[in-house]
Amino acid sequence: MSDHLGESTGHERYRGDLAAYALGALEQREAAELQRHLADCEACRMHLRWLEPAVDLLPRSVEQLEPPAGLRKRLMATVRAEARDASGAGIAAAEPRRWRDWGTLFWRPATAVAASALLIVGAAAGYLLHQPGDSSSVITARPSSAAPSNLAGTLEREDGSAILTMSRLPALPPNDVYEVWVKRDGTLAPSSLFVPRRDRTAEAAVPGPLDDADAVLVTREPRGGSQHPTSSPLLRATLR
Amino acid sequence: MSLVDDKDPDAFEVFYDRHGGAAYSLAHRIVGDPGMAEDVTQEAFLSIWRSKARFDAARGSVRAWALGIVRNRAIDALRSASRPAPKLDRDDDSVLESQPAGERTEAEAIRRETAGRLRKALGVLPREQSQVIELAYFGGFSHSEIAEMLGAPLGTIKGRMRIGLEKIRATLAEGIPEDDVPGAYL
């Protein structure tokens with residue numbers, strides 16, 4: 001890290017403000033002034049980037065509580081209703097009036113998951129959190145035909161590795177585990193093993209590098225894992 | 001690229017499953033009230049879902065980004081309600097004990113253990129340094145408000161923030177885990 005302390009009294013003052021800025025404790029006017037300085041000062045930008053992980057640590061240090069179950073239910077009810085409305089508006093504009101009532105029926109919760117796959121055509125490849133040149137992205141993992149249709153997952157790539165997050169995984173027999181595979185040039189290499197939580201969610205690390213990988217898949221395997229898949233993939237995240 | 005441009009509820013549900021616990025815990029720590037924490041968490045996630053807010057990968061992890069939104073919402077809620085600052089001690093066990101324990105998962109246990117280790121690392125800071133950091137981050141107070149509250153010069157407060165944060169960062173470099181331990185591993 002560069003150290004330009006002593007270059008000027010102005011610079012020293014700004015340098016002293018960086019921690020307060022990172023903590024969100026500067027007044028608005030001071031923050032704006034510091035931002036102008038940051039635009040021109042590489043040393044201060046570097047120091048701020050160095051400090052930021054310490055600030056990111058603070059929320060993770062609090063006692064971890066279980067959110068009320070009703071929160072998830074209410075949140076997702078709103079989200080699904082808004083997704084229905086957004087898609088329904090498109091249907092309404094494109095279809096005769098008599099179809100609108102069918103649209104409502106179509107979007108009842110029992111069929112919402114399947115319907116979303118049909119209607120959100122543009123979202124078929126999942127969503128990405130990716131900007132050109134960045135190393136992070138989130139890709140939607142899709143269930144295979146052998147899996148329950150409501151099985152869901154995302155693959156969050158960061159700095160060459162990834163975390164696979166899944167929900168509504170089928171329960172496992174006592175002697176089985178789930179195994180993650182990385183596909184490269186038509187070959188599957190074993191990655192991590194995991195079992196779902198009681199609520200049927202799970203997270204699994206997928207160690208990198210994944211730059212040359214084509215896809216990440218999940219299969220059910222005997223406890224201890226396998227060197228080659230012994231069952232059909234349930235979930236697939238296509239990387240390229 | 002936006003998190004929610006594609007408006008995929010299933011993907012969003014997975015996103016909530018991954019970050020909702022940490023978000024609710026942070027909101028609870030800031031507002032100090034379960035009902036308000038629930039409202040804050042819901043509003044924060046809905047704002048992520050509805051907005052065109054863009055995640056800037058260059059600025060950190062997705063989790064840090066989402067928790068930053070939760071923190072801002074919680075501070076706003078705290079100010080709107082004119083509530084007092086959250087307690088400054090780190091003993092939240094009584095709050096935890098009031099939570100239903102039946103559905104705690106292994107992953108949650110690991111996350112709690114990680115949080116405990118992080119808290120312990122933060123606990124090595126001298127009180128005057130941890131106090132100003134907590135007041136700023138969890139209380140949402142500006143450095144001048146903290147200076148007035150503690151009856152200390154502004155320069156002293158800024159200095160404590162700087163030294164404290166740099167110590168935490170140095171500790172991080174020495175081996176505090178950079179990310180949560182993924183749950184349910186074998």
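Is Leu118(B) buried or exposed, and how many other C-beta atoms lie within 10 Å? Leu118(B) is buried, with 21 other C-beta atoms within 10 Å; the cut-offs are 20 or more such neighbours for buried, 12 or fewer for exposed and anything in between for partly exposed, with C-beta atoms placed from the backbone. Keep in mind that this is a predicted model, where local features need pLDDT of at least 70 and side-chain atom pairs count only at pLDDT 80 or more, while totals for chains, interfaces and linings use all residues. Residues are numbered from 1 along each chain as its sequence is written, and chains are lettered from A and ligands numbered from 1 in the order in which they are written.

**The two chains**

- Chain A has six helices and eight strands, where helices are DSSP runs of H or I with at least four residues, strands are E runs of at least two, and numbering starts at the N terminus.
- Going from the N terminus, the order in chain A is α-α-α-α-α-α-β-β-β-β-β-β-β-β.
- For burial, 38% of the 240 residues of chain A count as buried, and for chain B the figure is 45% of 186 residues.
- Take the contacts in chain A with a separation of 6 or more: 53% of them come from residues 24 or more positions apart, a contact being two C-beta atoms, placed from the backbone, within 7 Å.
- In chain B, 72% of the contacts between residues at least 6 apart in sequence join residues at least 24 apart.

**Helix packing in chain B**

- Two packed helices are described by the angle between their axes and the distance between the axes.
- Helix α1 (residues 9–31) of chain B packs on helix α3 (residues 62–80) of chain B at about 30 degrees, with the axes 9 Å apart; axes are lines fitted to C-alpha atoms over the stretch in contact, and angles run from 0 to 180 degrees between N-to-C directions.
- That angle makes α1(B) roughly parallel to α3(B), since the label covers angles under 35 degrees, with over 145 for roughly antiparallel, 65 to 115 for roughly perpendicular and the rest oblique.
- The α1(B)/α3(B) crossing is right-handed, meaning that the near helix is turned clockwise from the far one by less than a right angle, with anticlockwise giving left-handed.
- On the α1(B) side the contact includes His19(B), Ala22(B), Leu26(B) and Ile30(B), and on the α3(B) side Arg63(B), Leu67(B), Val70(B) and Arg71(B) are among the partners.
- By class, that contact has 13 nonpolar, one polar and two charged residues; nonpolar takes in Ala, Val, Leu, Ile, Met, Phe, Trp, Tyr, Cys and Pro, charged is Asp, Glu, Lys and Arg, and the others, Gly among them, are polar.
- With α2(B), α1(B) packs at about 140 degrees, the axes being 8 Å apart.
- That makes α1(B) oblique to α2(B).
- The crossing of α1(B) and α2(B) is right-handed too.
- Among the residues making this contact are Phe12(B), Tyr16(B), Gly20(B) and Tyr24(B) of α1(B), along with Pro34(B), Met36(B), Phe45(B) and Trp49(B) of α2(B).
- This contact has 13 nonpolar, three polar and no charged residues.

**Helix α2(B) itself**

- The 17 residues of α2(B) (residues 34–50) should span 24 Å at 1.5 Å a residue, and the end C-alpha atoms are 24 Å apart, which agrees; the expected span is 1.5 Å times one less than the number of residues.
- Buried residues in α2(B) include Glu38(B), Gln42(B), Phe45(B), Ile48(B) and Trp49(B).

**Single residues to look up**

- Leu118(B) sits in helix α5 (residues 106–122) of chain B, and its C-alpha is 9.8 Å from that of Thr171(B), 53 residues apart in sequence.
- Ala20(A), in helix α1 (residues 9–22) of chain A, is buried with 29 other C-beta atoms within 10 Å.

- Most residues other than glycine have a negative phi.
- Arg168(A) has a positive phi, near 60 degrees, and lies in the loop between β3 (161–167) and β4 (176–184) of chain A.
- Arg168(A) counts as buried, with 21 C-beta neighbours inside 10 Å.
- Asp185(A) has a positive phi, near 50 degrees, and lies in the loop between β4 and β5 (187–194) of chain A.
- Asp185(A) is exposed, with 7 other C-beta atoms within 10 Å.
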